[in-house]
Amino acid sequence: MNGGMKRGEIARNVTRGAFFLAVEKVAALISGMVYFALMLRWLGPTNYGILTLATSVTGFAAMLTLNFEVFLERYAAEYESRGRLDLVTRALGLSMALKVGLGLVASAVVLGLAPHLATQFNVPQLTQLLPVMVAMVACDGLYTTGRSLLFGIQRFEWVGGLSLIFHIAKTVMVGLLWWSQQGLMAMAVGLTVITVAQALLFAGAAWFIMSRAPRSPRAAEKVDEDLPMLRQMIGYCLPLLGARAAFISGQNLGKLVLAKFIDATQLGYFTFAFQTIERFVELVYALPSVLLPSLTHLVAREERERLAWVFEEAFRLVQVAACAVAWGVFTFSPELTRYIGSPLFMPSLGMLQVLALVPIARTAQQPLTMLFQAMRRPGYVFGLALAKLLTEVAGYFLLL
């Protein structure tokens, strides 16, 4: 009876998380397509390629803030299961301080390199865009730690609700900028303002929830746990940082490499195809990502049989969803290109059809990733991400 209740509890948590995150992802997919279609028609292939280059630079800079937020995704669930919400709060403050501090350093690096990057890639607009967009790097830690905390303690309704607001805001922003006939610089400013506002709201929501959480009796103990927690945080996060570096490289390094061989227009075509695929991949990601808190609870309770059952069911479901998405993208690629990108982006149709296989490859390892993180095996996650990076880089050279 007790085991059944536990299985029912896990099923409710996973179902609730999948529902709210699926609502977010579907809304992101729909609003993102509208946002994408408006932006592509407004900017055109060349300006979109320039914006892509700028966001790739800031994406790499954000990686310099490291990945201390992922500690919260797993250990917030474990601390909560142990009744130690005081440790959750401590971990939130420590990871946020580290991320924000490193974000300021990374922002200074981008500002210093902006003129050199503009010359290196022969895109003078970078000297104007990067000083504005660097604010997104500085505030990255607020957003990522806030979201990871809400995710780790399974406040999926907060994650989905706040994200939905900003998906809609971005779409409205692009429509207004296009209607008022603004330029590329206005897009950079608008995108930065929305990103900063999102970061502040997620961080505020995380602190608000933790301030209202009941304190455990051990919270008042005079024990300095910051240093041991920092060591544990580094040991868990460093391998996952390698995995994140491989993932970011697969997205941004490929674009930077392509920028050395093709012009901004061709880069815009490629980015359209890649970003279209990514929107569908994110939809499938909602299924395995909600497993991490529940898997962590099972690992903490040492319930191996139930852990294996949950993983097997999730793996089958994710594979079926990924294959269905890949088939849909390939079948309707002409319509996606024509109606989302407009006839201006029809030269990217072949790229989109080739990249339609990405959802299968990208999501195949996600249940394993969640399982390894729950079992404190982040080194395995790094190995899988590195193998995927090598495959993607080989794909870039084939496209060239």
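Author: A residue is called buried when its relative accessible area is under 20%, exposed when it is over 50%, and partly exposed in between (1.4 Å probe, protein chains only). The model is predicted, so local features need pLDDT of at least 70 and side-chain atom pairs count only at pLDDT 80 or more, while totals for chains, interfaces and linings use all residues. Residues are numbered from 1 along each chain as its sequence is written, and side-chain values use heavy atoms, with hydrogens and water left out.

Reader: What percentage of the residues in the protein chain is buried?

Author: The protein chain has 400 residues. By the cut-off of under 20% relative accessible area, the buried share is 55%.

Reader: How many helices and how many strands are there in the protein chain?

Author: Helices (H or I, at least four residues) and strands (E, at least two) are DSSP runs, numbered from the N terminus. In the protein chain, the counts are 16 helices and zero strands.

Reader: Among contacts between residues at least 6 apart in sequence, what percentage joins residues at least 24 apart?

Author: A contact means heavy atoms within 4.5 Å. For the protein chain, the share of such contacts that join residues at least 24 apart is 85%.

Reader: How many salt bridges does a search of the whole structure find?

Author: A salt bridge is a side-chain nitrogen of Lys or Arg within 4 Å of a carboxyl oxygen of Asp or Glu. By this rule, the number found in the whole structure is five.

Reader: Which residue forms a salt bridge with lysine 99?

Author: The closest N and O atoms of this pair are 2.9 Å apart. Lysine 99 lies in helix 3 (residues 85-120), and its partner, 30 residues apart, lies in the loop between helix 1 (2-63) and helix 2 (70-81). Lysine 99 counts as buried because its relative accessibility is 0%. The partner is glutamate 69.

Reader: Is arginine 376 buried or partly exposed?

Author: Arginine 376 forms a salt bridge with glutamate 78, with the closest N and O atoms 3.0 Å apart. Arginine 376 is in the loop between helix 15 (366-374) and helix 16 (378-399) and glutamate 78 is in helix 2, so the pair ties together parts 298 residues apart in sequence. Glutamate 78 counts as buried because its relative accessibility is 7%. At 39% relative accessibility, arginine 376 counts as partly exposed.

Reader: Why does arginine 84 count as buried?

Author: Arginine 84 forms a salt bridge with aspartate 86, the closest N and O atoms being 2.6 Å apart. Aspartate 86 is buried, with a relative accessible area of 11%. Arginine 84 counts as buried because its relative accessibility is 5%.
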